[in-house]
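Trainee: Please take me through this model one element at a time, with the cut-offs spelled out as we go.

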Amino acid sequence: MRLSTYFLPVLKETPNEAQIVSHRLMLRAGMIRQSSAGIYSWLPLGLRVLRKIEGIVREEQDRAGAQELLMPTIQSAELWQESGRYDAYGPEMLRIRDRHDREMLYGPTNEEQITEIFRGLARSYRDVPKILYHIQWKFRDEIRPRFGVMRGREFLMKDSYSFDTTADGARRAYYKMFVAYLRTFARLGLKAIPMRADTGPIGGDLSHEFIILAETGESQVFCHKSFLEKDPLALGLDYAADLKPVFDDWTHDYAATEEMHDAAKAAALGDDLVTARGIEVGHIFYFGTKYSKPMGATVAGPDGQPVTLEMGSYGIGVSRLVGAIIEACHDDNGIVWPESVAPFKVGLVNLKSGDAETDGMCEKLYAELTAAGVEVLYDDRDERAGSKFATMDLLGLPYQLVVGPKGLKDGVVEIKARAGGDRETLSPEAAIARLTA
């Protein structure tokens, strides 16, 4: 993509309404534009990141055996009245009426909707276990939406739902999603720590939040330092195997949010205690028959008798993750994207647009990298070098490939790694090999 034609409204000044780092940088980098309080349009650069995150979330759900569907944003109030949550949920739920005066709502979550789908289509114990998921926009009418996409009213969410005939089976599904979440966040370049959590309005008796550590985090968290050394991607996992040992290993050591904090247990850790700020990026629940029982979601068991389904739900805030990653991955100059979610891998900087030799080499590098499947943002604008470098640092692409007349006289170009700022001077051919490795 050529920056001269790309729709990228970069801002030099920080908008007054931006209170936290991710909000400031997303606005300045031209990723989003506010439509109304807590509601944003995703501009091309921001949408590329959102889709990268969504893709990784989807791959890990599929790997764990979950199956994707798509449920509507508008739901019938009758379903929520069946479960007993319609009046209990609170003013965060946007309640509306259609032209026939039927009560409807803009879904803040989908436990009722998925339960209705499954109860109407699953007949026998042979139809379970199942884990179904979708990635869909949701709406919660926050009283004070703030912090950009970190606490907006409209947000993109992955939510999955498990169905089993026994509590043991439901816990096995919980362990699968627990492990899938560990892998998902690790692939996003984040170190997420599972912490025992309150179930809140979702309900149930088993719940974990996945928290990333960031200086600008929303709340205080506490954990054993062992979590900082664990690597979920190093595990040789088989989702058909018993995953309880993995779950036990990741929940054995102390980890707690402020709400669940036990000061005595934490103090006993001594120097092994880590106290930091944290951001919630995922939340999983096992809630048994909380929805299936009042909504009559049963299947015929092996003896022909009805069995009430055991359920769990598992959420990841996909759009929230964009902000959370920036909160954890930035410096004074801008964003520092993990390569897995960066909108482009390489920022190609032409230091002297209009110079025949420099233009020619940039075109050659752009064409060869693009042909090799490398996503390149080519700054071909007629701007000062300082302005181009500032823009590239702000956007936070993993690598900057810098081409100028002086370097070309010596037959070299420069690669700068955005994380850490390391620089390499290489021949153009070696630079291509380096960036396509």
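Trainee: Which strands and helices do the buried residues of H1 pack against?

Mentor: This is a predicted model, where local features need pLDDT of at least 70 and side-chain atom pairs count only at pLDDT 80 or more, while totals for chains, interfaces and linings use all residues. Residues are numbered from 1 along each chain as its sequence is written, and side-chain values use heavy atoms, with hydrogens and water left out. Helices (H or I, at least four residues) and strands (E, at least two) are DSSP runs numbered from the N terminus, buried means under 20% relative accessible area, exposed over 50% and partly exposed in between (1.4 Å probe, protein chains only), and contact means heavy atoms within 4.5 Å. On those terms, the buried residues of H1 pack against strands E1 (32–36), E2 (39–42), E17 (330–331) and E18 (334–335), and helices H9 (318–328) and H11.

Trainee: How many of the 8 residues of helix H1 are buried?

Mentor: The buried residues include Val21, His23 and Leu25. Helix H1 (residues 21–28) is largely enclosed by the rest of the structure, because the number of its residues that are buried is 7.

Trainee: What is the relative accessible area of threonine 391?

Mentor: Threonine 391 is found in helix H11 (residues 385–395). Leaving aside residues up to four places away in sequence, threonine 391 touches Leu3, Val10 and Arg381. Threonine 391 counts as buried because its relative accessible area is 9%.

Trainee: Is isoleucine 74 buried or partly exposed?

Mentor: Isoleucine 74 lies in strand E4 (residues 74–76). Because its relative accessibility is 35%, isoleucine 74 counts as partly exposed.
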